Amino acid sequence: MTPQRAATGIVEGVVVVVGQVARDLVLAVDGLPGAGGSATVRERQEVLGGKGANQAVAVAQLGMSAAVVGVVGDDPAGEAVLAQARRDGLDVRAVVRRAGATTALLVDVVAGGERRLLEAVPDEVLLTAADVQAASGLLRRSAAVLVQLQQPGTAVSAALTIARDAGRFVVVDGAAREEGLREQVLATATVLRADAREAELLLGRELDGPDAVLAGARELVGRGPRLVVLEAGPAGNAAAWEGGGELVPLTGVDVADPTGGGDSFTAALAVALLRGEDVERAVRWATAAAGSTVQRLGGRPALSVDELDEQADRLG
Ligand SMILES: Nc1ncnc2c1ncn2[C@@H]1O[C@H](COP(=O)(O)OP(=O)(O)O)[C@@H](O)[C@H]1O
Ligand SMILES: [Mg+2]
């Protein structure tokens, strides 16, 4: 499963993330006001967000080059998030700017880590197949392609086709809504990762308990991907690959906000595998990354290789 690796153990090449780029407004409140009421915001962030951008930021924080294929509007928010992405070291040359408003996500986090999300996703800034085609050279040259499946199906399909034809290492996160696309995902993905709800959608049945999730992951490995990791609730994540499988427990952290846990997980899993880690270690590394991000408000990661190494050691 390991792609080419330089003699130094450092992987050359760019990880290209196909996915959402947004402006996140994160507000932490102790309680939500009723109609006509008001609440004091304890903490506020206005940052580059969106699942695609968050995955790319995580990849860059973990020491690999990252590029994004996505869309922002021609508004000041689009300008601001692109500027932040550049400061984060991301290659944003394949981020399209189109007339319209940049996707905005409003995340309310109430005490206790419960989250509410308001999403403003204008049609004109959705990723299209043509946007992906325009980045085909970048995708073909990449070390790996990460595809975030909450994007329009035609754009996802275009990315998968280009990546497959070029024989790329493909990591997908989520579950496509369209059944035909789910088949293409299984046929193309090297690594497939999904949260608990997406896992049930992928398998078309309820998954009652961690053993059922692990069995589901094994079943999906039989349908194409070399590694499948499915969220198994409080039991952790179920990983299955040819000839093996296990449940990897969560890190024992207090969850401040679950947002972005899966995005950090996916990005770290990809980087670990590209670095040549074995599957068991890579899943622990990814778990450590998710654990780090859920301790923080908002979906934006703050990862470091040293922290993940240390946390992964603890997970045994
Ligand atoms: N304490 C924890 N330690 C490690 N991982 C955690 C912890 N709590 C939640 N996670 C992981 O976070 C991930 C959340 O996934 P997901 O719902 O896809 O998040 P998002 O889409 O917001 O990025 C899951 O893989 C879950 O196992
Ligand atoms: Mg997710």
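**Strand S4**

Is strand S4 (residues 65-73) largely enclosed by the rest of the structure or largely exposed, and how many of its nine residues are buried? Eight of the nine are buried, so S4 is largely enclosed by the rest of the structure. Buried means under 20% relative accessible area, exposed over 50%, and partly exposed in between, with a 1.4 Å probe and protein chains only. Strands (E, at least two residues) and helices (H or I, at least four) are DSSP runs, numbered from the N terminus.

This is a predicted model, in which local features need pLDDT of at least 70, side-chain atom pairs count only at pLDDT 80 or more, and totals for chains, interfaces and linings use all residues. Residues are numbered from 1 along each chain as its sequence is written, chains are lettered from A and ligands numbered from 1 in the order in which they are written, and side-chain values use heavy atoms, with hydrogens and water left out.

**Neighbours of S4**

Two strands pair if DSSP finds at least two bridges between them. S4 runs parallel to strand S1 (residues 14-18), and five bridges join them; Val16 has Ala67 in S4 as its bridge partner. S4 also runs parallel to strand S5 (residues 95-98), with four bridges, and here Gly70 stands opposite Val95 in S5.

Together with helix H2 (residues 76-87), S4 and S5 make a right-handed β-α-β unit. Right-handed means that, with the strands pointing away from the viewer, the path from the first strand over the helix to the second runs clockwise.

**The open sheet**

S4 belongs to an open sheet of nine strands, in the order S5-S4-S1-S8-S9-S10-S11-S12-S13, with mixed pairing. S5 and strand S13 (244-248) are the edge strands, each pairing on one side only. From one strand to the next the twist averages 15°. Angles run from 0 to 180 degrees between N-to-C directions, and axes are lines fitted to C-alpha atoms, for helices over the stretch in contact.

Within this sheet, strand S8 (residues 144-148) and strand S9 (residues 170-173) run parallel and are joined by four bridges. Val145 stands opposite Val170 in S9. Helix H5 packs on the sheet, where it touches S1, S8 and S9, and its direction makes about 165° with that of S8. Contact means heavy atoms within 4.5 Å.

Val191 lies in strand S10 (residues 191-194). Val191 is buried, with a relative accessible area of 0%.

**Helices H5 and H6**

Two packed helices are described by the angle between their axes and the distance between the axes. For H5 (residues 153-165) and H6 (residues 179-188), the angle is about 25° and the axes are 10 Å apart. The two are therefore roughly parallel to each other, a label for angles under 35 degrees; over 145 counts as roughly antiparallel, 65 to 115 as roughly perpendicular and the rest as oblique. Residues that make the contact include Val156 and Leu160 of H5 and Leu181 and Val185 of H6.

The buried residues of H6 are Leu181, Arg182, Gln184, Val185, Leu186 and Thr188. These residues pack against H5, S9, S10, helix H7 (196-203) and helix H8 (210-221).

**Strand S2**

Strand S2 (residues 22-29) is mostly covered, with six of its eight residues buried. Eight bridges join S2 to strand S3 (residues 41-49), and the two run antiparallel; the bridge partner of Ala22 in S3 is Gly49. S2 is also joined by seven bridges to strand S6 (residues 104-110), this time in parallel, and Leu27 has Asp108 in S6 as its partner.
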